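Hi,

Here is the model I promised to pass on. Have a look, and my notes follow below.

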Amino acid sequence: MIEVRRAMADDGDAVGEIHAAAWAAAYAPFFDEQFAAREIKSRLTRWHDRISSGEGIVMLGSVDGRPLAMAWVMESATRSGLAEIYSFYGHPDGWGSGVAAALMEATLQVLRDDGFTRVHLWTLRDTAQSRRFYSKCGFAETGATQTRDFGDGQAMAQVEYERAC
């Protein structure tokens, strides 16, 4: 059974575990091994404060009671009037279970309920799996690109996706 809800303050460990495991699977291969290990570790602990502070909305998707997908959304800092999905990750153990699709639909509903009509996100250009997922969820590339340095001095290309909420 799939359940989706807003994350609570005591969900920080679960959200961190999802973020770290997904980041390790999808992003770590792009980086030096030591840098990737530090980044994975940092993702385990950053969510307690973020959830408690109320900075945006953190959503959590579970399968049979096990948290396996997370999303973090808020008003876009760069696109006036749009919401932005800042983080959307599925634990590899949940890939193919449908939890990510259910989480996306619930996240879009929360954004609609908050009065947003459009949402955008950025994803790495070279992560084919995430790009396929966003397209399957109705997102379309806007044609905008940017580079992002995760902290290792390496600029990585990102592409922007957008859709109606």
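Which residue just after H5 takes a positive phi? That is Gly-138, with a phi of about 95 degrees.

Before the rest, the ground rules. This is a predicted model, so to speak of local features we need pLDDT of at least 70, side-chain atom pairs count only at pLDDT 80 or more, and totals for chains, interfaces and linings use all residues. Residues are numbered from 1 along each chain as its sequence is written, and side-chain values use heavy atoms, with hydrogens and water left out.

Helix H5

H5 covers residues 128-136 (helices are DSSP runs of H or I with at least four residues, strands are runs of E with at least two, both numbered from the N terminus). Ser-130, Arg-131 and Tyr-134 of this helix are buried (under 20% relative accessible area; exposed is over 50%, partly exposed in between, with a 1.4 Å probe and protein chains only). These three sit on the same side of H5, because they cover an arc of only 100 degrees around the axis (taken from the directions from the helix axis to the C-beta atoms). On the face turned away from that side you'll find the exposed Arg-132 and Lys-136. The cover over the buried residues includes strands S4 (83-90), S5 (118-124), S6 and S7 (155-164), plus helix H4 (99-113).

Arg-148

Arg-148 belongs to strand S6 (residues 140-149) and is partly exposed, at 38% relative accessibility. Leaving aside residues up to four places away in sequence, Arg-148 touches Gln-154, Ala-155, Met-156 and Gln-158 (contact means heavy atoms within 4.5 Å).

H1 against H2

Helix H1 (residues 12-26) packs on helix H2 (residues 33-45) at about 155 degrees, with the axes 7 Å apart (axes are lines fitted to C-alpha atoms, for helices over the stretch in contact, and angles run from 0 to 180 degrees between N-to-C directions). The pair is therefore roughly antiparallel (over 145 degrees; under 35 is roughly parallel, 65 to 115 roughly perpendicular, the rest oblique). Among the residues making the contact are Trp-23 of H1 and Ile-40 of H2.

Cysteines

Searching the whole structure turned up zero disulfides (pairs of cysteine sulfur atoms within 2.5 Å).

Cheers
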